[in-house]
Amino acid sequence: MKNNRFFFIILLFTNWAVADVTLPSFFADNMVLQRHSQVRLWGWANPKEALTITTSWDGATYKVTATNLAEWSTSIATPKEGGPYTITLKGYNEVVLKNIMIGEVWLCSGQSNMEMTASWGILNGDEDVAQASHPNLRIFTVAKASASAPQLNLTGSWKTCTPETMKNSSAVAYFFARQLQTSLKDVPIGIIVSAWGGTAAEVWIPETIINKDELLKTAASKLNPNEYCPHLPGTTFNTMIHPLVGYTIAGTLWYQGESNVGSNAYDKTFAALIKSWRQLWANDFPFYFVQIAPYNDGYQHFGSVAIRDFQRRTLQLPNTGMVVTSDISTTDDIHPKDKKSVGIRLANLALAKHYKISTGLVDGPLYKNYRIQKDRLLLEFDYATGMYFKNKTTSQFEIAGADNVFYPADAIIKNSIIVVRSNKVKNPTRVRFAWKNDAQSDLFNAAHLPASSFITE
């Protein structure tokens, strides 16, 4: 009995003495850390274990002690872009993170159009795959998982961009990163891709946010089970976003909406998602998103175009931007193949709005307001420079009076104002544009970017 008790005590002491310092999967070899920042690092160790962290770019040393919950967290200062570097962590064991780059980090999320890879079949995919050797572009793809409660870690690894890794990574995220890297003169870029085809926005929002708002809760209750993905609020947020909260990022890209067609509260839902993520990160980072493409789903309703309009309205939130895709997609495919144009347009938004190094137009004409002039409506737009109709004239405007019955309207462009009228509406009060699920906008500006569908309140 004494020998057994002695062995047990030795075993406990041994386990305590060799307790490993561990980190979440995204703090690993090949990672990219945000430049010019106080970057948070965190992980686990033995309770009260003292850790020393050393960064090779400046030789600085940081000391931190694990809590009684076996957790530790600290912040380290990152320099301007560069690398490769190492970070050494010493406690009872030693961990060395190697081949670290300092640059720009973006989180990319959504459903299948964000998840879609070159291997699925994209426009000119073979050519782009062959040219995808970029050692300073790193990709972290989060493995799909769901849970009913927030998780602390996730599955994935940082990979250097090669033709093979690019082929099996988000095409939109890759083309965004590549355009960004080119324009920023080879600053290292890290993209974290956390996407799951078929998911509604609600599964990417903390469940507590949904449950405390009756409108959001009602909308979420109408989501139908999906054999390919979760449908309950918060279930992918818990596993594919929550573990990342605190990882320093430059901003977020979002491509989703198809699975919310039919929702009458998507604008509130989408806004709740953006606000909740920013609150968790304690950072009003840029949030750029892709408007879903026109698609002929064979049904006689306005479900898809309504989602596009809800997305347009979300631009009322600060530090947001939207890419319109109606001119680079076909109406017979819910997964448009031209992912390069989408990625480049997202990058152009970031370069102009966040990095402030582009002065050209990066947005299509965006409806602003209207005023009534007798039997006419005069429409004002932002980003209206050089507005034109693709075929010189248009049939995509409709107006309505107090009876809310819409009729086709004539439209002309006059000094960056669009004047619309119809002989059938003497006292117009509302207007809508390209208001069909499969309508491809025919209104463009000098940058040859299309206008979004819209309807006035």
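Student: Before we start, what should I know about the numbering and the model?
Tutor: Residues are numbered from 1 along each chain as its sequence is written, and side-chain values use heavy atoms, with hydrogens and water left out. The model is predicted, so local features need pLDDT of at least 70 and side-chain atom pairs count only at pLDDT 80 or more, while totals for chains, interfaces and linings use all residues.

Student: How many helices and strands does the chain have?
Tutor: Helices (H or I, at least four residues) and strands (E, at least two) are DSSP runs, numbered from the N terminus. Counted this way, the secondary structure comes to 11 helices and 23 strands.

Student: What percentage of the residues of the chain count as buried?
Tutor: Buried means under 20% relative accessible area, exposed means over 50%, and partly exposed is in between (1.4 Å probe, protein chains only). Of the 457 residues of the chain, the buried ones make up 55%.

Student: Which helix is largely enclosed by the rest of the structure?
Tutor: Look at residues 303–313, where Gly 303, Phe 310 and Arg 313 are among the buried residues. They pack against α9 (266–281), β12 (287–290), β13 (320–323), β14 (366–373) and β23. Because 11 of the 11 residues are buried, the largely enclosed helix is α10.

Student: How are α5 and α11 oriented to each other?
Tutor: Two packed helices are described by the angle between their axes and the distance between the axes. Axes are lines fitted to C-alpha atoms, for helices over the stretch in contact, and angles run from 0 to 180 degrees between N-to-C directions; the axes of α5 (residues 171–183) and α11 (residues 339–354) come within 7 Å and cross at roughly 45 degrees. Angles under 35 degrees count as roughly parallel, over 145 as roughly antiparallel, 65 to 115 as roughly perpendicular and the rest as oblique. The two helices, α5 and α11, are therefore oblique.

Student: Which residues of α5 meet α11?
Tutor: On the α11 side, the partners include Lys 339, Ile 344 and Leu 351. On the α5 side, they are Ala 171, Val 172, Phe 175, Phe 176, Gln 179, Leu 180 and Ser 183.

Student: Which residue does the side chain of Asn 445 reach at 3.0 Å?
Tutor: Asn 445 sits in the loop between β22 (443–444) and β23 (454–455), and at 0% relative accessibility it counts as buried. A polar contact is a pair of N or O atoms within 3.5 Å; within protein, one must be able to donate a hydrogen and the other to accept it, and residues adjacent in sequence count only if both atoms are side-chain atoms. Here the side chain reaches a backbone oxygen, that of Tyr 383.

Student: How far apart in space are Asn 93 and Glu 104?
Tutor: Asn 93 lies in the loop between β6 (82–90) and β7 (94–110). In sequence, Asn 93 and Glu 104 are 11 residues apart. From C-alpha to C-alpha, their separation in space is 30 Å.

Definitions and conventions: Contact = heavy atoms within 4.5 Å.
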